[in-house]
Protein chains: 2
Amino acid sequence: MDAETDDIQRNKHPAREVDAIDRKILGVLVEDATISYAELGERVGLSPPAAHERVKRLKRSGAIRATSAIIDPRAVKKPLLAFVHIDTRGWGKTPELMAVSKFPEVEEIHTVAGDTCMLLKVRTEDTRALEGLLARLYDTPGVTSTRSYVVLSTYLERPVQPETTAEWPAPKHMATPVY
Amino acid sequence: MDAETDDIQRNKHPAREVDAIDRKILGVLVEDATISYAELGERVGLSPPAAHERVKRLKRSGAIRATSAIIDPRAVKKPLLAFVHIDTRGWGKTPELMAVSKFPEVEEIHTVAGDTCMLLKVRTEDTRALEGLLARLYDTPGVTSTRSYVVLSTYLERPVQPETTAEWPAPKHMATPVY
DNA sequence: CATAATGGCCGAATTGAGTTCCGCATCAAT
DNA sequence: ATTGATGCGGAACTCAATTCGGCCATTATG
């Protein structure tokens, strides 16, 4: 059957809607991915094999990108967290800039809309290491300036949550949007 | 033995240095926590029971805070990522502000040093939902203004890495710090 | 409208991994 | 030098992951 080949090639997301049970599964596995399929099934109202089948599908479809250990930054000597805004001449996403990915201190790289071009989330051992990274950034052609926000305290830090807020409490003084 | 009780009560981090092997284990488990202890042991040069023992210790000590499923934001209808800077009157960390933790769209809350007070990482379904969250923030007493950085593209996003950069390539034009 | 086909679930059985136990080697302290 | 503690490896045991076959519901089809 050629159709099967087409299915495989077409897309990495084989278009399977995540239903309510899938969301519950994701919610459980985000909290703790070490539980048995027996318990997972029990929590979402499914038999162990059915739960297993669901999880397999979620992994195949890419909804579950990975299951990984979450490390305490202090345990690996990285107590300093900072967000670095970068302004560049021209278009910021140069290969030279992307090269900072090789530093394990860099956890996120985004291009953003706003009064800055790019945004980095970095975690270092101390201010010295942060300075080293900033120096490395300033050496990158095109980088005109950076602004760093050093985190004093983290009150919440969690992975992507499967739930969404259905209704936002609309303040009275706001007009209802047309669209 | 009273000593044992003391050990338990004293600290959640029983002061066990993470050595080189532990770091290798963490590196493997950050990438993929689903592998068997047999393979984990093989990759770090340990027998399966020894690897298991190490992992148990890393979990007990809190170095491994959790092992969780990493979800593709698109799969759960959250394609919009934004960083929100919040300026407040007085000290920002009020219980009213912390209440936004209840929204699953909010992934991170930090207090930062810089030209702003607090920093939020939020992930929403669309701009409408982001607006709803911002409206909710402006309704919070003490909040004077917010600045949002909407992410256009994410080029890197990964959990805490166990490795650290030992030597930062020092640019020539920088003086050597005294400390 | 009836019927075939698909997809998802459950229960039972098998395979494989997680886990425990015990002896040994290494290192530190007495 | 001896003793104690700690971490490792090999083998055995227990439990969970995985597979299989049959059932039911829903959807497509003649």
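Predicted model: local features only at pLDDT ≥ 70, side-chain atom pairs only at ≥ 80, totals over all residues.
Let's start with the DNA. Around DNA strand D there are 13 residues, and the closest are A:S36, A:Y37, A:P49, B:S47 and B:A50. The top giver is α4(B), with four residues. Sorted by class, this surface has eight nonpolar, three polar and two charged residues.

Now for the place where the two protein chains meet. Here 72 residues of chain B are in contact with 73 residues of chain A. On the side of chain B that touches chain A, at least two residues come from each of α2 (20–31), β1 (64–71), β3 (106–113), β4 (118–124), α6 (127–138) and β5 (143–157) of chain B. Of these, β5(B) gives the most, namely 11 residues. As for what this side of chain B is made of, 39 of its residues are nonpolar, 16 are polar and 17 are charged.

Strand β5(B) also turns up in a pairing across the two chains. Its partner is β3 of chain A (residues 106–113); the two strands run antiparallel and are joined by six bridges. To spot this pairing in the structure, look for A:H110, which sits opposite B:T154 in β5(B).

Conventions:
Residues numbered from 1 in each chain as written. Chains lettered and ligands numbered in written order. Contact = placed C-beta atoms within 7 Å. Nonpolar A, V, L, I, M, F, W, Y, C, P; charged D, E, K, R; others polar. Pairing = 2+ DSSP bridges. Near = placed C-beta within 6 Å.
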